[in-house]
Amino acid sequence: MGILVVGTVTLDTVETPSERVEDVLGGSGVYAAVAASFFRRDIQLVGVIGADFPDPYTDFLETQGIDLRGLKRVDNGKSFRWGGRYTQDFNVRDTLFTELNVIEDFQPVLPETYKDTPYLFLANNSPVLQLSIIEQATNPKLIVCDTMDFWINEERAALEALLARVDILVLNDSEALLLTGDSNLMQAAQAILRYGPKRVIIKKGEHGAISVTESSFFTAPAYPLTQVTDPTGAGDSFAGGMMGYLASIGDTSEEAIRSAMVYGAVVASFNIEDFSINRQKDVQFSEISSRYRELQEASHF
Ligand code: AMP
């Protein structure tokens with residue numbers, strides 16, 4: 001079953017303690033769509049880019065089988081640009097700049113062929129825009145959304161309206177605390193469920209991710225890596241991999257979601273081994289399966 005990914009398509013500048021890259025391919029929509037493309041070849045990407053967006057980037061997405069009919073290019077506009085800097089242990093990231101540019105006036109209109117796609121992933125984006133996608137979708141089987149500090153601070157009311165309409169919210173631990181004002185993660189999870197989602201998945205970076213519903217709790221490990229190059233997009237890769245797996249088996253049960261979270265963690269582990277989506281360019285599905293089995297083995301007792 002197909003997946004509709006709506007998210008940002010950006011030019012990123014990333015600084016780590018040892019390297020700096022400028023205007024590389026990034027964006028929540030890109031990371032999520034590339035992650036999902038390991039599981040399915042019917043991924044549709046909705047987003048907006050400017051005239052400055054390099055063709056080789058869109059060419060790459062097309063070679064991954066990602067349908068770009070929903071990606072709008074604004075001929076007189078500038079692409080979304082984001083810059084971030086990591087500290088030595090990669091656990092802290094400072095946003096250096098967020099230039100919304102073309103997404104500020106973007107009002108996505110879903111192409112006819114996208115409207116009845118059953119799996120919707122609303123990657124990090126303006127909640128107003130995320131809501132407008134839900135309103136245009138005619139046949140959603142599973143709606144998952146992500147958000148981040150920027151939108152929690154800037155568009156709180158729209159975000160709350162969005163949460164009432166989604167099945168699963170995926171977000172970072174610090175964002176869960178920011179959203180609810182809690183200092184305890186489990187309390188934050190309970191508070192988020194009261195906004196409307198049936199499930200909240202909280203990402204904890206190198207410490208894995210937890211899933212909480214009214215009646216269940218699950219913790220998925222992160223794949224243990226000794227070498228991290230760039231964690232940018234790990235959260236989007238996690239969610240995209242998770243959606244890819246769920247759509248590939250056409251199941252949204254508790255058991256399926258648990259496996260999907262582990263697949264998400266595996267895809268994210270490849271993402272952080274290099275800048276941008278460079279590592280994903282040569283990952284084989286057999287490598288994904290192999291890390292999945294390792295995590296399964298490591299969490300069995
Ligand atoms: P993550 O590391 O999972 O937080 O994702 C980082 C990616 O999200 C980068 O490629 C950024 O270009 C993109 N990004 C940064 N800020 C935002 C924002 N406010 N909304 C949507 N995407 C963003």
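A backbone N or O atom of Gly-27 lies 2.7 Å from an oxygen atom of the ligand, a polar contact in the sense of a pair of N or O atoms within 3.5 Å (within protein, one must be able to donate a hydrogen and the other to accept it, and residues adjacent in sequence count only if both atoms are side-chain atoms). The protein covers 95% of the 510 Å² of accessible area that the ligand has on its own; such areas come from the Shrake-Rupley method with a 1.4 Å probe, and for residues only the protein chains shown count as cover.

The model is predicted, so that local features need pLDDT of at least 70 and side-chain atom pairs count only at pLDDT 80 or more, whereas totals for chains, interfaces and linings use all residues. Residues are numbered from 1 along each chain as its sequence is written, and side-chain values use heavy atoms, with hydrogens and water left out.

A polar backbone atom of Gly-233 is 2.7 Å from an oxygen atom of the ligand, and a polar side-chain atom of Thr-8 lies 3.0 Å from a ligand nitrogen atom. Around the ligand there are 18 residues, of which Asp-12, Gly-27, Arg-93, Gly-233 and Asp-236 come nearest; a residue is near a molecule or strand if one of its heavy atoms lies within 4 Å of it. At least two residues of this shell are supplied by each of β2 (10-15), α1 (28-36), β7 (80-86), α4 (149-154) and α8 (234-249). Helices (H or I, at least four residues) and strands (E, at least two) are DSSP runs, numbered from the N terminus. By class, the shell has six nonpolar, nine polar and three charged residues. Here Ala, Val, Leu, Ile, Met, Phe, Trp, Tyr, Cys and Pro count as nonpolar, Asp, Glu, Lys and Arg as charged, and the others, Gly among them, as polar.

Helix α7 (residues 185-195) comes next. Asn-184 caps the N-terminal end of α7, with a side-chain oxygen 2.8 Å from the backbone nitrogen of Met-186. The buried residues of the helix are Ala-188, Ala-189, Ala-191, Ile-192 and Leu-193, where buried means under 20% relative accessible area, exposed over 50%, and partly exposed in between (1.4 Å probe, protein chains only). These buried residues pack against β11 (168-172), α6 (173-180), β12 (199-203) and β13 (209-212).

Asp-23 is placed in strand β3 (residues 20-26).

Terms used. Contact = heavy atoms within 4.5 Å.
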